[in-house]
Amino acid sequence: MDNFCLNLARDKCVGSREALASLVHTFVRHSRLNEAIRVLGNMTLCGLNPSVDVFNDLLCALVKKTDFKNVLFVYKEMVKGGIVPTVGTLNSLLEVLFETNRVESGLNQFRRMNKKGCSPNVRTFEIVIKGLVLNKRVDDAVLILHEMLELKYQPDVCFYICIIPLFCQENRLEQGMQLFKRMRAANLVPNSVICRELVHCLCMNLHLDDAINILEEMIEIGEIPPLDSFVDVMNGFCEAKRYNEAMCFLENNCGNLVSPHKVLLEGCCKADNFFLGISLLEKMSKRGIADCDCWNILLGWICENASIKKAYELLGRMIVRSVVPDCSTYAALVVGNCNLNKYEDALELFHYIRSKFWVLDSKCYSRLVEGLCRLKRIEEAVVVYYYMSKSKCPLEVATFNLLIEATCDAGKVDEAVKLRSLAYYSGTSCSSVTHITIMLAFLKSERAKDVLVMFSQMVIGGCKVHAEVYCILIRSMCALNRFKDCALFCKLMINESLMPDSGTIHDLLSCLTNHSQLRLVSKDIDKIISGMDTLDSTMFNLLINGLWKEGCRSEARNLLDLMLERGWVPDATTHTLFVGSNVEGVTSRGRPTYENSMDEDNVSNILAEALG
C-alpha cells in the first residue's frame with residue numbers, strides 16, 4: 001500500500017487524490033481503520049492532501065473505537081497538511097478527550113474553538129455536557145448548559161434524549177425539568193427513556209403530581225409508559241404515606257399490572273397497615289393477579305409482627321385460592337416460629353424445605369441458626385449450616401461466628417474447623433473473630449501446635465492480626481516451650497504498638513525466666529512496663545530475679561528503682577540478691593564498704609539503709 005501510494009504520487013496520475021480519498025472512505029466503511037490511516041498518512045506525505053471530509057470521516061470512526069492515539073495522529077496530519085478543521089473535526093476531538101477522562105484538555109479545546117475559526121454547535125454542547133456529567137463534574141455541566149441557553153441555541157431531539165436522562169440520574173431535577181419543558185414547547189416528542197428517568201427522579205424527590213402528569217401526557221400522545229415508571233410512582237406514594245391516593249392511582253392506571261400492586265402491598269406492610277394490605281390483596285386475588293409472591297409479602301409481615309396463628313390462617317386462604325406455597329412461604333413460617341421460640345416446629349418446616357431441595361433466604365437462615373445456637377442445640381444448627389452451605393448459600397458473618405463459638409464451647413473444635421473450611425465453599429466470610437475463637441479453643445484444649453495452623457489460615461485469608469491473636473500465639477509458644485518464638489511474637493506485637501494482657505505477660509516472662517532467656521526481651525521491657533498499668537509487684541520481682549541471674553544487672557537495678565518508686569517492697573528473694581551483691585564487702589570493724597564508695601546507685605543506698 002505504501003509503494004502503491006508513492007507510485008501514484010510520483011507518476012502524477014490524474015485523479016490520484018480522488019482515488020485515494022475514495023479508498024480511505026471504503027476502508028472506513030468496512031471498519032479497516034488501520035489501513036485507512038496508512039493511506040491517509042501517505043497522502044499527506046506525498047502532498048496529496050485530502051479534503052476535510054475525508055479526515056472527519058476517519059475521525060468519527062476512530063472516536064467510536066475510543067482510539068485516542070490514532071485520533072491525535074489524524075488530527076496532527078490534518079494540521080500538518082494545512083487543512084482547516086470544521087466544527088465536526090473539533091467535536092470528534094472533544095468527544096475522544098472526554099471519553100478518555102482528559103476533562104481539562106477537553107474544556108481547553110472547547111474554549112479555544114473560536115480561535116480556530118469554529119463556533120460550537122448543539123452537538124458540541126451535547127458532547128461537553130455529557131463528558132462533564134460522566135466525569136462527575138456536574139456543576140460545571142450545569143454552567144455550560146446555562147451558557148448554551150443564554151446564547152439562544154435550540155437543542156434538537158438527540159440533545160434532549162442524551163442530556164435529560166444524564167441530569168436525572170444525577171438527581172438534578174431542576175435541569176431535567178427545565179429541558180423537558182423546552183422540549184415539549186418545541187413540540188418534540190420525548191421517548192420512553194426520557195420519561196422513565198424523569199419520572200424516577202420526580203418520584204425520588206416526591207414530586208408525584210408532576211410525575212403523574214408526565215405519564216398521562218405520554219398516554220395522550222400514544223406512548224406506552226414503561227412499567228418501571230408506574231413502580232416509581234407507587235414507591236413515591238408509599239414514601240409520602242399517601243396510601244389512599246396510591247389505591248386510586250392503581251385503580252385508574254394499573255388495573256392488571258402486578259409490580260405496582262406489589263410495591264403498594266410492601267408499603268402497607270412497612271407502615272404496619274395490615275388491614276389496607278389485606279384489602280389490597282383481596283382485590284388482587286379477585287382480579288387474578290395475586291401470585292405467590294404477593295401472598296408471601298403479607299405472610300412474611302404477619303410472621304414478623306403478628307401471631308403465627310394468623311399466618312397459618314392466611315396460608316389456608318392462600319391454598320383455598322389455588323395458590324401453591326413456595327419456598328419463601330415456608331421460610332416466612334420458619335421465621336415466625338423462631339420468633340416465638342417454637343424451634344421444633346421451625347425445624348419440622350426446615351426438613352420439609354430440605355425434602356423439596358429448596359433453600360432458605362438469608363434472613364430465615366440466620367434466624368434459625370442463631371436461635372438454635374442460643375438454645376445450645378448445636379447439632380441441629382450444624383445440620384442446617386451443612387445443608388445450606390452445600391447449596392452455596394452464605395451465612396451472615398455475625399451468625400456464623402456465633403455458630404463457631406457455640407461449637408467450640410461444646411468442646412467440638414474439630415467440628416468448628418470443618419465449618420470454617422466449608423465457609424469458603426459457600427461464600428460465607430470468615431473474620432478475625434472466627435479464627436480467634438478456634439485458636440482459643442485449641443489453646444484451651446492444650447493443642448498449641450494447631451494454633452499455628454489456624455493462624456496461617458488466618459493470614460492466608462487476609463484477616464487482620466489483632467492484639468488478642470498475638471496473645472494467643474505467645475501463650476501457645478509458651479506451652480510448647482518455644483521461648484524464641486515467644487520473644488519474636490512479643491517483639492512483633494510491640495512494634496505494632498500493641499500490648500499483651502497481664503495473663504500473657506505472666507506466661508511469657510515465666511517461660512523466659514524458666515529457660516534463662518529474659519535477655520531476648522530485655523530491650524522491650526521498658527515499653528511493656530510503660531504500656532501496662534496492671535503489672536504488679538509479683539511480675540517485677542520475677543523480672544528482677546530473672547535479669548539478675550542472667551547477668552543483666554543494670555536492667556535489674558533499673559527495675560528495682562521503678563518498683564520502689566511505685567511503693568512496692570521487693571520480696572525476700574529479690575532482697576537477698578541485692579543485699580548479697582552490695583554488702584558482701586564488710587570491714588573488720590563491721591562497716592560496710594558502700595559507705596566508702598562514691599559510685600553506688602540509689603538502689604544500694606536504699607537497701608543498706610533498710611538493713612540498719
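Modeller: Let us begin with one residue. K392 is placed in the loop between α23 (378-390) and α24 (397-409). Please keep in mind throughout that this is a predicted model.

Biologist: Is K392 buried or exposed?

Modeller: The reading rests on a cut-off: a residue is exposed when its relative accessible area is over 50%. K392 has 51% relative accessibility, so K392 counts as exposed. The backbone of K392 deserves attention too, with a phi near 60 degrees, which is a positive value in a residue other than glycine.

Biologist: Where does K136 lie?

Modeller: K136 belongs to the loop between α8 (122-134) and α9 (138-150). Its phi is near 60 degrees, a positive value, and K136 is not a glycine. K136 is exposed, at a relative accessible area of 62%.

Biologist: How many helices and strands does the protein chain have?

Modeller: There are 35 helices and 0 strands in the protein chain. The radius of gyration is 40 Å, well over the 25 Å that the globule rule gives for 612 residues, so the chain is more spread out than a compact globule. The C-alpha trace spans about 130 × 85 × 45 Å along its principal axes.

Biologist: What share of the residues counts as buried?

Modeller: Of the 612 residues, 48% count as buried. The accessible surface of the protein chain is about 30500 Å², and carbon and sulfur atoms hold 51% of that surface. As for contacts with a separation of 6 or more, 62% of them are accounted for by residues 24 or more positions apart.

Biologist: Which residues does L298 contact, leaving aside its neighbours within four places in sequence?

Modeller: L298 is in contact with C269, F274, G277, I278, L281 and L314. L298 is found in helix α18 (residues 292-305). With 0% relative accessibility, L298 counts as buried. For a distance along the fold, take L298 and K412: these residues are 114 residues apart along the chain, and their C-alpha atoms are separated by 41 Å.

Biologist: How many aromatic pairs does the structure hold?

Modeller: The structure holds 15 aromatic pairs. One of them is formed by F159 and Y160, at 6.1 Å centre to centre with 80 degrees between the planes, which is edge-to-face. Both F159 and Y160 are buried.

Biologist: What is needed to describe such a pair?

Modeller: Two values describe a pair of aromatic rings: the distance of the centres and the angle of the planes. A second case is given by Y385 and Y386, where the ring centres are 6.3 Å apart and the planes stand at 55 degrees, so the pair is tilted.

Key: Residues numbered from 1 in each chain as written. Predicted model: local features only at pLDDT ≥ 70, side-chain atom pairs only at ≥ 80, totals over all residues. Heavy atoms only, no water. Helix = DSSP H or I, 4+ residues; strand = E, 2+ residues; numbered from the N terminus. Rg over C-alpha atoms; globule rule 2.2 N^0.38 Å. Buried < 20%, exposed > 50% of the residue type's maximum accessible area, 1.4 Å probe, protein only. Contact = heavy atoms within 4.5 Å. Areas by Shrake-Rupley, 256 points an atom, 1.4 Å probe, with all protein chains shown as cover. Phe/Tyr/Trp six-rings, centres within 6.5 Å; stacked < 30°, edge-to-face > 60°.
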